[in-house]
Protein chains: 2
Amino acid sequence: MEVCVDCVESAVNAGKGGASRIELCSALSEGGLTPTVGLLRRVKSLVKIPVFVMIRPRRGDFCYSNDEVEVLYEDIRLLKDNSADGFVFGSLTPEGAIDRAICEKLISLASPLPCTFHRAFDLACDPIQSLDTIIEIGFHRLLTSGQAKSAESGAMLIKKLIDQANGKISIMPGAGITAENLEKILILTCAREFHASARKAVQSKMIHVNETCKMGGKCDEYELLVTDVYTVKTMVETAQSVWNSHN
Amino acid sequence: MEVCVDCVESAVNAGKGGASRIELCSALSEGGLTPTVGLLRRVKSLVKIPVFVMIRPRRGDFCYSNDEVEVLYEDIRLLKDNSADGFVFGSLTPEGAIDRAICEKLISLASPLPCTFHRAFDLACDPIQSLDTIIEIGFHRLLTSGQAKSAESGAMLIKKLIDQANGKISIMPGAGITAENLEKILILTCAREFHASARKAVQSKMIHVNETCKMGGKCDEYELLVTDVYTVKTMVETAQSVWNSHN
């Protein structure tokens, strides 16, 4: 189980719950952006499992300007120098093909660390061709919801991709996976790993509250979404039991 | 005019429009988080105006754990080493007082660069006492919406704070300031600087579109909010004309 987190507490809880890997991001509300070096260093000092780092410079699509590509290069170098265990990124051309040039350069900067192609795949035009390209480029793993709004609704395509990959690359379902639908998704897809945030709303420690103010558009300043140790444990156990009975 | 930005293009456009300063963030959708060193380096190579950097480790409140405070310290050091021109942060105790210990440490790490106390102030319990504390600690500037949902609705408190500060610190109105309400806010508050994002929706360059997938919760992957050169120009001219006629 890979747990995506965007704060120190979530990372610590993922470790406590028995996750195998962390995907470290900033701003999960946007689907994850590049975290800071400060966050990576602190998380690495607190958890023992591998920490894979998201490389995404802003919200929105995965079609990057030359200046944005320079930001990606710079950040991957710095985060590698600060003990990242792997990276997670993806880039598309306007036509929806995998952007080979950008991905190859990022893979070479990350080398020898393993890289995951992320859900930019779910906005690509031809999943079969795109998976071939991702394998050719040298990614170790693909995170996907099967081009659907959740891994549950995309389960059939995920199964097809796992068959196509035939062990050359790991296909990891992600998006909307919960303790409730995990068993179904693992049985439908035959996936051997999966990705979830396993978060629960936690009330702020603030005693004084000003509800009229908002920092961002729609967010609630007094509620945090934090990875829940018990939910991670439950999901790890569910997965283990599915995998044991299908071996 | 200070323009808050969360991508390279917005920073460049703020400079072109004649802004005096950039507040560099990640994820403005959350009210701004700490940006990466990669983004700071690229923006500094492209714009000539000062770049003040947001130091905020996650969304939500401004009551930080010890681990989060370590992240703040680490990031401020790294961003200072990478040519930040100033910093923007704020921290509160659960009771809604300014967290003096954290702020003093961050100010000393940032020294001699100027620091802005940001809209955490708007969630503090006693604005008059809080402003006194912020001045004592040594901040150069306060960014506030007058504890209201926008600088327009908080204009009366902002005016009062400007009178109280009496030039010892700059009070900068921010939140919901547009080309339409700027003149009114400047006249009501007598502020000599202000803060806005001046953004406009820009369509993605993607030709291939998959509308069924979303990366984050509510965000549209095919629309970006980017600072608009013309809006910045208009706001700078409006402010100049208000300030000229009230001097």
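The charged end of Lys105(A) sits over the ring of Tyr73(A), at 4.5 Å from its centre. Arg21(A) is likewise placed over the face of Phe52(A), 5.2 Å from the ring centre. The model is predicted. The points below cover aromatic pairs and the relation between the chains.

**Aromatic pairs**

- Over all chains, a search of the whole structure finds six aromatic pairs.
- Phe194(A) and Trp243(A) form a tilted pair, because their ring planes meet at 50 degrees, with the centres 6.3 Å apart.
- Phe194(A) lies in the loop between helix H7 (182-189) and strand E8 (195-196) of chain A, and Trp243(A) in helix H8 (residues 229-245) of that chain, so the pair ties together parts 49 residues apart in sequence.
- Phe194(A) is buried, with a relative accessible area of 1%, and Trp243(A) counts as buried at 11%.
- The rings of Phe117(B) and Phe139(B) are edge-to-face, because their planes are at 85 degrees; their centres are 5.2 Å apart.
- Phe117(B) belongs to strand E5 (residues 115-117) of chain B and Phe139(B) to the loop between helix H5 (127-137) and strand E6 (141-144), so this pair joins parts 22 residues apart in sequence.
- Both Phe117(B) and Phe139(B) are buried.
- In chain A, ring pairs link Phe89(A), Phe117(A) and Phe139(A) into a cluster.

**Relation between the chains**

- Chain B is superposed on chain A by a rotation of 180 degrees with 0.0 Å of shift along the axis, at an RMSD of 0.0 Å.
- This is the relation of a two-fold axis.
- Within chain B, the C-alpha of Thr36(B) is the nearest to the axis, 2.6 Å from it.
- The same surface serves both copies, as 100% of the contact residues of chain B recur in chain A.

Notes: Residues numbered from 1 in each chain as written. Chains lettered and ligands numbered in written order. Predicted model: local features only at pLDDT ≥ 70, side-chain atom pairs only at ≥ 80, totals over all residues. Heavy atoms only, no water. Least-squares fit on C-alpha atoms with pLDDT ≥ 70 in both. Contact = heavy atoms within 4.5 Å. Phe/Tyr/Trp six-rings, centres within 6.5 Å; stacked < 30°, edge-to-face > 60°. Helix = DSSP H or I, 4+ residues; strand = E, 2+ residues; numbered from the N terminus. Buried < 20%, exposed > 50% of the residue type's maximum accessible area, 1.4 Å probe, protein only. Lys NZ or Arg CZ within 6 Å of the ring centre and 35° of its normal.
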